[in-house]
Amino acid sequence: MARILQLDEAIAELVHDGDTVALEGFTHLIPVAAGHEIIRQRRKDLTLIRMTPDIVYDQLIGAGCARKLIFSWGGNPGVGSLHRFRDAIQNSWPVSLEIEEHSHAGMANRYAAGASGLPFAVLRGYAGTDLPEQTDTIKTIECPFTGQRLAAVPAVNPDVGIIHAQQADRAGNVQMWGITGVQKETVLASARSLVTVEEIVDELTPRPGAVVLPQWVVTAVAAVPGGAAPSYAQGYYERDNAYYQQWDPIGRDREQFENWLETEVFGAERSAR
Amino acid sequence: MSSPEFTADEMMTVGAARSLRDGAACFVGIGLPSTAANLARRTHAPNLVLIYESGTLGAKPGRLPLSIGDGVLADTADSVISVPEIFNYWLQPGRIDTGFLGGAQVDRFGNINTTVIGGDYANPKVRLPGAGGAPEIAASCREVLIVMRMNPRSFVEKLDFITSVGYGTGKGDREALGLRGRGPVKVITDLGVLEPDPDTCELTLTQLSPGATVEQARKAVGWPLKAVDEPAMQQPPTEAELTVLRELKTTIEGGAK
């Protein structure tokens, strides 16, 4: 049975320095509050994985939590670049950041292989691009049946997978709906998992197309209402688009960023965002 | 009848929208491609199938979505599926007619860079967001449209990084690489439209935006741009197209760009 924990207890127990951690969410249901708690607990040397690192990864990188980033698209969606991510790559500030870069199709398949208990995945991809030359985890293989040349990518199996969902019941069964990205695969690929939820209910109402993660594949659940903001939780609240725009000038400037970190994360019992 | 006033960007968006066939399945990126695809669905292509990489198949948003994962896409889609599924079952086998891409740099064979500019990969001058879904969209959609504003920083002789393949090093290269779709059939810009030369696959100026000249286009491109003998003049946006486009744009103002 998944244990119901407080967010700070769950992060303290599940996320250790040096771990490989995936906080997934595809525009929708991004586990922002969990990311802020990792910063607050000053974790370091993390290998962070995410297909679309956005603002919360910019914040984790700027706070010095990450040593390596495995990703396929790093930007502030609809606004522009991630400046803490850029500063870490271009100037090693506050620490240097190693990167392992893929395409979305490559990353999605790496999670699917991880969830399937396979060592690697095969896809038709990367041919003719400069990515394989820069990324050790892209190889070309020959199909044993047809002789076709295909790309192979290794499974990702994070130490900890963290996602946000709409609801869990008291046993820790989780239900999420709307755009659910690679969140199911992330939980199934990870050795340990934490699901933050908008609310814990007595009984989950079945919903067409929803993803249900049974309590026996989830390590811990934490009730964190608003835990995906400034992203959104379908049925609960909308995306705070202004926040994404306001992040740009904060992220651009080291001093402004450090002030933000002090007041919004370290100085806050639980961050507003 | 006097033509309505319009901007070069509006012409580019309308030109991109007109390139979409009614009933086609279109893999849509946010920004210009999304605006153009939603304009097409409201004008000549009501049965255009909009597919966003977040997993929304057949989205029919009543306003412009603010991101590829906007809730309005999930609410109006025929089906919402996982990200591994959208890439593996729908994009990779070649079920999608048109892929719509932008980029930071494009070269004369329609290859695209969205990864790094300047320096080298490990120490770039500018780090860009990276590949996202683009390499496989470029490889697998039956055809690709590229939408980009034309200037010498973007239309370059040599890319700093090949993120997505157009025609590689020229004719026959896509086939040799095992890429399935036809590649970029049009690059739609603010000054006109480039199309691959049938013999060499080199991008060639075939249409000009109203008011633009071949010389102006040549100055905006970092390689010696070829042009057909008499590039056609694009039909200016109609009153109806402009009205729908401007109305669409108001649905996004105040939100994310």
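Of the 257 residues in chain B, 61% count as buried, a class that requires under 20% relative accessible area, with exposed meaning over 50% and partly exposed lying in between (1.4 Å probe, protein chains only). The structure is a predicted model, in which local features need a pLDDT of at least 70, side-chain atom pairs count only at pLDDT 80 or more, and totals for chains, interfaces and linings use all residues. Residues are numbered from 1 along each chain as its sequence is written, chains are lettered from A and ligands numbered from 1 in the order in which they are written, and side-chain values use heavy atoms, with hydrogens and water left out.

The model scores ipTM 0.95 and pTM 0.96. For chain B the average pLDDT, the predictor's confidence in each residue on a scale from 0 to 100, is 95, and 97% of the residues score at least 70. Where pLDDT is low, predicted coordinates should not be read in detail.

Chain B contains eight helices and 14 strands; these elements are DSSP runs numbered from the N terminus, helices being H or I of at least four residues and strands being E of at least two. Along the principal axes, the C-alpha atoms of chain B fill a box of roughly 50 × 45 × 35 Å. Among the contacts of chain B with a separation of 6 or more, 63% are between residues 24 or more positions apart, a contact being defined by heavy atoms within 4.5 Å. The accessible surface of chain B is about 10200 Å², and 52% of it belongs to carbon and sulfur atoms; areas come from the Shrake-Rupley method with a 1.4 Å probe, and for residues only the protein chains shown count as cover. Chain B carries 25 positive and 30 negative side chains, and the centres of the two sets lie 2 Å apart. In this count Lys and Arg are positive and Asp and Glu negative, while His and the chain ends are not counted; the charge is placed at NZ of Lys, CZ of Arg, CG of Asp or CD of Glu.

Chain A has nine helices and 13 strands. Its radius of gyration is 18 Å, close to the 19 Å given by the globule rule for 273 residues, so chain A is as compact as a globular protein of that length. The C-alpha trace of chain A spans about 55 × 45 × 30 Å along its principal axes. Buried residues account for 61% of the 273 residues in chain A, and 74% of the contacts between residues at least 6 apart in sequence join residues at least 24 apart. Chain A exposes about 10200 Å², of which carbon and sulfur atoms supply 47%. Its side chains include 23 positive and 34 negative ones, with the centres of the two sets 3 Å apart.

Helix α4 of chain A (residues 83-91) includes the buried residues A:H83, A:R84, A:F85, A:D87, A:A88 and A:I89. Their cover includes α3 (55-62), β4 (66-71), β5 (98-101), α8 (241-252) and α9 of chain A, together with β9 (124-127) of chain B. The helix is followed by A:S92, which has a positive phi near 55°. In the loop between α4 and β5 of chain A lies A:P94, and the peptide bond from A:W93 to A:P94 is cis, with omega near 0°. A cis peptide bond also links A:A229 to A:P230, with omega near 15°; A:P230 is located in the loop between β13 (220-223) and α8 of chain A.

Positive phi values in residues other than glycine were assigned to A:L29, near 55°, and to B:C201, near 70°. A:L29 lies in the loop between β2 (20-23) and α2 (32-40) of chain A and is buried, with a relative accessible area of 0%. B:C201 occupies the loop between β12 (192-196) and β13 (203-208) of chain B and is buried at a relative accessible area of 10%.

Two helical residues were also examined. A:E262, in helix α9 (residues 254-266) of chain A, is partly exposed, with a relative accessible area of 47%. A:E262 and A:R40 are 222 residues apart in sequence, but their C-alpha atoms are 9.8 Å apart in space. B:K219, in helix α7 (residues 214-219) of chain B, counts as exposed at 69% relative accessibility. B:K219 and B:N151 are separated by 68 residues in sequence and by 7.8 Å in space, C-alpha to C-alpha.

Technical notes:
Rg over C-alpha atoms; globule rule 2.2 N^0.38 Å.
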